[in-house]
Amino acid sequence: MDQKVDQIKKEINCFHAKNYEDLEAFRIKFLGKKKGILTVLFKKLKKLPIHERKIFGNVINDLKKKVQKKIQIDHSKNFIKDEDENFDPTIPGKSVVIGSLHPISIIKNRIIDVLKKIGFSYVEGPEIEDDWHNFTALNIPIDHPSRDMQDTFFLCKNPDIVLRTHTSSVQIRYMKKNSPPSRVLSVGKVYRNETISSRSYFMFHQAEGFYIDKKVSFSDLKQTIHYLITSLFGEVKIRFRPSYFPFTEPSAEVDIYNNHTGWLEIMGCGMIDPEVLKNVNVDSEIYSGFAFGIGIERVALLIYQIDDIRIYFDNDIRFLRQFQSDF
Ligand code: PHE
């Protein structure tokens, strides 16, 4: 054993690294996690009787320190200088291009920021959904058009698995797991089998907010939406239009007015239907709630005045690098 230790010591002492690769090979040879010479010896230690373990342990520890010291000293050498005498440290470095956030991410963060201030917490849900979370629990009848293959991307039938058509499925996932009061926001991609044009795409983003507690009323919903919209756009004209969603009652669509586009629908909302609360075991005699779903691309269209949705997903750097997250 002594002979082996002497040999290792000699090898360590005689080692001189010519470059970083040499140094790394040296480190791995002695201290590599699996097969390093010293690592293996450390492992063998455990099998020795206690008194030998102590003596032998000290010896290997000394060797380890020697290796580490060598690595430390050699690391501080400037190998590049040794190797390449033409290296000129005065040449300016290459500048690194720093990326910027995607405009959709900027708006997403902005909405999260605004709603966080009034107590909404952020959660995420899966983009691949089953029938129950995307349709049934949300009270969407069996013959609803969105259940048709023409409108929705089905990944499989029986059981029906879809690319979620809206973020309302997150309401169901959250309410199933958490009892009220809940004040929750989720943002993400949704998919619909639409003809691609400047205003529609097979994928877009929605932000879904919902609030359930005792005595939540439509005026709470209006107030929240007013706050959200004015925080995003400043003082603008807002219009609530009566509408229909199977999972809210009453329901409304919200339009905002802008000189560029006239009235533009940007979200759907309403009081969560008692049937939906029943599906997630929330007692609608005690609790009520509201929900809203806002299209992020629509918000981006108004803020950036870009009315071709396709350009957001072309990934053209010249377009994307114009956006700054100054919110
Ligand atoms: N899920 C609806 C849609 O995608 C929007 C919505 C969300 C409506 C929440 C009411 C309440 O069109």
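What follows is a chat about a predicted model and the ligand in it.

Biologist: Before I dig in, what should I know about the model and its numbering?
Modeller: It is a predicted model, where local features need pLDDT of at least 70 and side-chain atom pairs count only at pLDDT 80 or more, while totals for chains, interfaces and linings use all residues. Residues are numbered from 1 along each chain as its sequence is written, and side-chain values use heavy atoms, with hydrogens and water left out.

Biologist: Which atom of the ligand does the side chain of His-166 face, and at what distance?
Modeller: An N or O atom in the His-166 side chain is 3.0 Å from a nitrogen atom of the ligand. For Ser-168, a side-chain N or O atom is also 3.0 Å from a nitrogen atom of the ligand. A polar contact is a pair of N or O atoms within 3.5 Å; within protein, one must be able to donate a hydrogen and the other to accept it, and residues adjacent in sequence count only if both atoms are side-chain atoms.

Biologist: And what about Arg-192?
Modeller: Arg-192 has a polar side-chain atom 2.8 Å from an oxygen atom of the ligand.

Biologist: How much of the ligand does the protein bury?
Modeller: The protein buries 90% of the 330 Å² that the ligand exposes when taken alone. Those accessible areas come from the Shrake-Rupley method with a 1.4 Å probe; for residues, only the protein chains shown count as cover.

Biologist: Switching topic: is Thr-165 buried or exposed?
Modeller: Thr-165 counts as buried because its relative accessibility is 6%; buried means under 20% relative accessible area, exposed over 50%, and partly exposed in between (1.4 Å probe, protein chains only). Thr-165 is in the loop between strand S4 (161-163) and helix H8 (168-177), and its side chain makes a polar contact of 3.0 Å with that of Asn-134.

Biologist: Which peptide bond at Pro-159 is cis?
Modeller: The bond from Asn-158 to Pro-159 is cis, with omega near 5 degrees. Another cis bond joins Pro-180 and Pro-181, with omega about 5 degrees. Pro-181 is in the loop between H8 and strand S5 (182-191).

Biologist: What is phi of Asn-158?
Modeller: Phi of Asn-158 is near 55 degrees, a positive value in a residue other than glycine. Asn-158 is in the loop between strand S3 (154-156) and S4, and Asn-158 is exposed, with a relative accessible area of 74%.

Biologist: Last one: how far apart are Gly-93 and Thr-224?
Modeller: They are 131 residues apart in sequence and 51 Å apart in space, C-alpha to C-alpha.

Key
Helix = DSSP H or I, 4+ residues; strand = E, 2+ residues; numbered from the N terminus.
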